[in-house]
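Here is a guided look at one chain fold, taken feature by feature. Please keep the viewer open as you read.

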Amino acid sequence: MAESNLRIAIQKSGRLFDDSVLLLKECGIDLRNVKDRLRTESDNFPLEVFFLRDDDIPQYVEDGVADIGIVGENVVAEKNKHVEVVEKLGFGKCRLSIAVPRSQDYPGISSLQGKRIATSYPHMVNSFLEKNNVTAEIHEISGSVEIAPGIGLADVIADLVSSGSTLFMNGLKEVETILHSQAVLIRNHLLNDNTVQLLDKLLFRIQAVKKAKRNKYILLNAPNESLDKIISLLPGMKSPTVLPLAQSGWSSVHSVLSEDQFWECIENLKSAGAQGILVIPIEKMVI
Ligand code: PRT
Ligand code: ZN
């Protein structure tokens, strides 16, 4: 019997589309014709891709129409379907927040009591209010939530925020954060062995791509008398590679640095005598 494909659901168009397709590409998966399609396949990985509205993805994955999906944590939490989050993907970052008119004082959560709240996330807003012992009137609207206070439809809103400029332009201020969100990979609970194997293969590649993004390859020249000090400053994957330079008394040192250690480490390396420091992006990283 022919082995089946891994079926993934991704957003058809919108904020997660480009990054989802890019992630698959970075995992070495080529897709045929991704624009304006309902489904496509890969030529070099047993993957079938369904393009859907993001709101529908958790349901399709719960039902097993797709095995896995890429969607925002905000949608996973709101839809509350029986799916499992397997990996955070690091893009589509935003937060679900409550915002009130800027001119209004905000003494605390209890001031939301009895207010009309416009949102596309009624389930999450409701549990947030319940947790805080606040009763309010939730008005579910599907788009342009930020204009609701201005047209008298609501007193406050709960909506996704990334830069904050939409709130600012509509005279609103962010006062509570309900959820921090990013795109995640979700899976159906009951996958067969063949599908789990394919998912593991994909996950292995995703993790290598993510790791590579968090790290940089660094090359530098060092006088031999400073080598011990410089090597002690470099974490590396195991230990740094040290090669002699044509000019005697000097060596070339190669290593890997994580983004969070980066600037401090560069400063320390310079003070220890490192010269000609080159920093290069890493495409894939397998440890
Ligand atoms: O058609 P479909 O239903 O698939 O798409 P959609 O219109 O429902 O979703 P889309 O494409 O707007 O967003 C998809 C996902 O991207 C969301 O579910 C989030 O997980 C994520 N995401 C990240 C965002 C934002 N950032 C974001 N800023 N989704 C929406 N916004 C909107 C927000 O609703 C508000 O209108 O952008 C505005 C605020 O942005 P700032 O930068 O002005 O704060
Ligand atoms: Zn949507």
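## Two loop residues with positive phi

Asn80 sits in the loop that links α3 to β5 (84-88); helices here are DSSP runs of H or I with at least four residues, strands are E runs of at least two, and both are numbered from the N terminus. Although Asn80 is not a glycine, its phi is positive, at about 55°. Asn80 is exposed because its relative accessible area is 53%, where exposed means over 50%, buried means under 20% and partly exposed lies in between (1.4 Å probe, protein chains only). As background, most residues other than glycine have a negative phi.

Ser144 belongs to the loop between β8 and β9. Ser144 is not a glycine either, and has a positive phi of about 45°. With a relative accessibility of 46%, Ser144 counts as partly exposed.

## How to read the values

This is a predicted model, in which local features need pLDDT of at least 70 and side-chain atom pairs count only at pLDDT 80 or more, while totals for chains, interfaces and linings use all residues. Residues are numbered from 1 along each chain as its sequence is written, chains are lettered from A and ligands numbered from 1 in the order in which they are written, and side-chain values use heavy atoms, with hydrogens and water left out.

Which residues touch the most other members of the largest nonpolar core? They are Ile8, Ile70, Leu185 and Leu202, in a core of 29 residues. A nonpolar core is a set of buried Ala, Val, Leu, Ile, Met, Phe, Trp, Tyr and Cys residues joined through side-chain atoms within 4.5 Å. Two or more residues of this core come from each of β1 (6-11), α1 (17-26), β3 (47-52), β4 (68-72), β11 (183-187) and α6 (193-214). The most are given by α6, with 6 residues.

Leu202 touches Leu6, Leu24, Cys27, Ile29, Phe45 and Ile68, leaving aside residues up to four places away in sequence; contact means heavy atoms within 4.5 Å. Leu6, in strand β1, is buried, with a relative accessible area of 0%.

## Helix α4

Helix α4 spans residues 122-131, and its buried residues are Pro122, Met124, Val125, Phe128 and Leu129. These residues lie on the same side of α4 because they cover an arc of only 165° around the axis, the arc being that of the directions from the helix axis to the C-beta atoms. Glu130 and Lys131 are exposed on the other side of α4.

The buried residues of α4 pack against α3 (73-79), β6 (94-101), β7 (116-119), β8 (137-140), β9 (156-161) and β10 (172-181). After α4 comes Asn133, with a positive phi near 55°.

## Helix α8 and the cysteines

Helix α8 covers residues 262-271, with Phe262, Cys265, Ile266 and Leu269 buried. Seen down the axis, these buried residues fall within an arc of 100°, so they line one face of α8. In general, an α-helix has 3.6 residues a turn, so residues three or four places apart point the same way. Trp263, Glu264, Glu267 and Ser271 are exposed on the other side of α8. The cover over the buried residues of α8 includes β12 (215-223), α7 (227-233), β14 (250-258) and β15 (275-281). Just after α8, Gly273 has a positive phi of about 110°.

Cys265 counts as buried because its relative accessibility is 7%, and Cys27 counts as buried at 4%. The whole structure holds 0 disulfides, a disulfide being a pair of cysteine sulfur atoms within 2.5 Å.

## The largest pocket

How much space lies in the largest pocket? About 1,100 Å³, where the volume is the space filled by probe spheres set on grid points joined across faces, edges and corners. A pocket, on a 1 Å grid over the protein atoms alone, is an open set of points where a 1.4 Å probe fits, with protein on both sides within 12 Å along at least five of seven lines; lining residues have an atom within 4 Å of a point.

The lining has 40 residues, and Arg15, Asn74, Tyr121, Asp159 and Leu160 lie nearest the centre of the pocket. At least two lining residues come from each of α3, β9 and α5 (165-169), and α3 gives the most, with 4 residues.
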